[in-house]
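Here is a short briefing on one protein chain. Keep the sequence and the 3D view open as you read.

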Amino acid sequence: SRMIKSMAVAAAGRRTTDLGDVTPHNIRQLRTLNTVVFPVTYNDKFYKDVLELGELAKLAYFNDIVVGGVCCRVDTSQDKRRLYIMTLGCLRPYRRRGIGTVLLDHVFKVCKEDGKFDSIYLHVQVSNDEALSFYQKFGFNIKEKEDRYYKRIEPADAYVLEKDASELVSSQLVAC
């Protein structure tokens with residue numbers, strides 16, 4: 001029955017993307033995903049901390065397969081309260097199917113519901129045109145370039161992209 005549903009969904013061309021919590025049972029899937037998607041390696045402490053993030057960490061399932069994820073943290077430096085996107089990624093074969101949008105919409109929803117964030121920001125490798133255009137499409141702007149941000153990859157420089165929390169449009173947050 002489940003197989004038939006999957007085939008019917010595929011045949012109809014409809015895509016179903018669901019978000020799920022990161023738990024001790026699926027944290028290894030997040031680790032594998034991040035290893036494949038990102039050129040940097042995240043240590044054990046990163047994954048231990050992710051388990052404490054609640055709504056700030058989600059896995060994306062495309063027809064019941066883990067294909068993406070997002071991990072954020074609250075940053076209170078520089079006398080501001082900002083939401084920092086540590087990772088947001090999707091497996092290459094599943095890109096351009098709206099999965100990144102679902103993940104980013106979740107981040108926007110968390111930010112909007114909290115109501116106390118000044119902005120959302122992240123780092124993007126200067127050569128990652130695909131990521132830059134994705135975030136710019138959602139109103140993120142390049143705030144600065146950090147030289148030698150990355151330690152073991154080239155180019156080592158990163159752009160800091162930021163979106164003011166006041167720019168979050170409530171129409172993006174219809175589904176709860």
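A search of the whole structure, which is a predicted model, finds 11 aromatic pairs. One of them is formed by F108 and F140. This pair is stacked, with 6.2 Å from centre to centre and 20° between the planes. A pair of aromatic rings is described by just these two kinds of value, the distance of the centres and the angle of the planes.

**Aromatic rings**

- F108 lies in helix α4, while F140 lies in the loop between α5 and β6 (141–146), so the pair ties together parts that are 32 residues apart in sequence.
- Are F108 and F140 buried or exposed? F108 is buried, with a relative accessible area of 0%. F140 is buried too, at 1%.
- Both rings belong to one aromatic cluster, made up of F108, F134, Y135, F138 and F140.

**Nonpolar core**

- In soluble globular proteins, nonpolar side chains tend to be buried together.
- The largest nonpolar core here has 50 residues. Those that touch the most other members are L30, V50, I85, L104, I120, Y135 and F140.
- Helix α4 gives the most to this core, with seven residues.
- What does I120 contact, leaving aside its neighbours within four places in sequence? The list is L83, I85, V107, F108, C111, F140, L161, E162, K163 and L168.

**Largest pocket**

- About 1500 Å³ of space lies in the largest pocket.
- Its lining has 48 residues. V37, F38, T87, L88 and N128 lie nearest the centre of the pocket.
- Which elements each supply at least two residues of the lining? They are α2 (27–37), α3 (44–50), β4 (82–90), α4 (99–114), β5 (119–125) and α5 (129–137).
- Strand β4 gives the most to the lining, with seven residues.
- The lining divides into 27 nonpolar, 11 polar and 10 charged residues.

**Whole chain**

- The chain has five helices and seven strands.
- From the N terminus on, the elements run α-β-α-α-β-β-β-α-β-α-β-β.
- How many of the 176 residues count as buried? The share is 43%.
- Take the contacts between residues at least 6 apart in sequence. Of these, 62% join residues at least 24 apart.

Conventions:
Residues numbered from 1 in each chain as written. Predicted model: local features only at pLDDT ≥ 70, side-chain atom pairs only at ≥ 80, totals over all residues. Heavy atoms only, no water. 1 Å grid on protein atoms, 1.4 Å probe; cavity = no way out; pocket = protein on both sides within 12 Å on 5 of 7 lines; lining within 4 Å. Points joined across faces, edges and corners; volume = space filled by probe spheres on them. Helix = DSSP H or I, 4+ residues; strand = E, 2+ residues; numbered from the N terminus. Nonpolar A, V, L, I, M, F, W, Y, C, P; charged D, E, K, R; others polar. Core = buried A, V, L, I, M, F, W, Y, C linked by side-chain atoms within 4.5 Å. Buried < 20%, exposed > 50% of the residue type's maximum accessible area, 1.4 Å probe, protein only. Contact = heavy atoms within 4.5 Å. Phe/Tyr/Trp six-rings, centres within 6.5 Å; stacked < 30°, edge-to-face > 60°.
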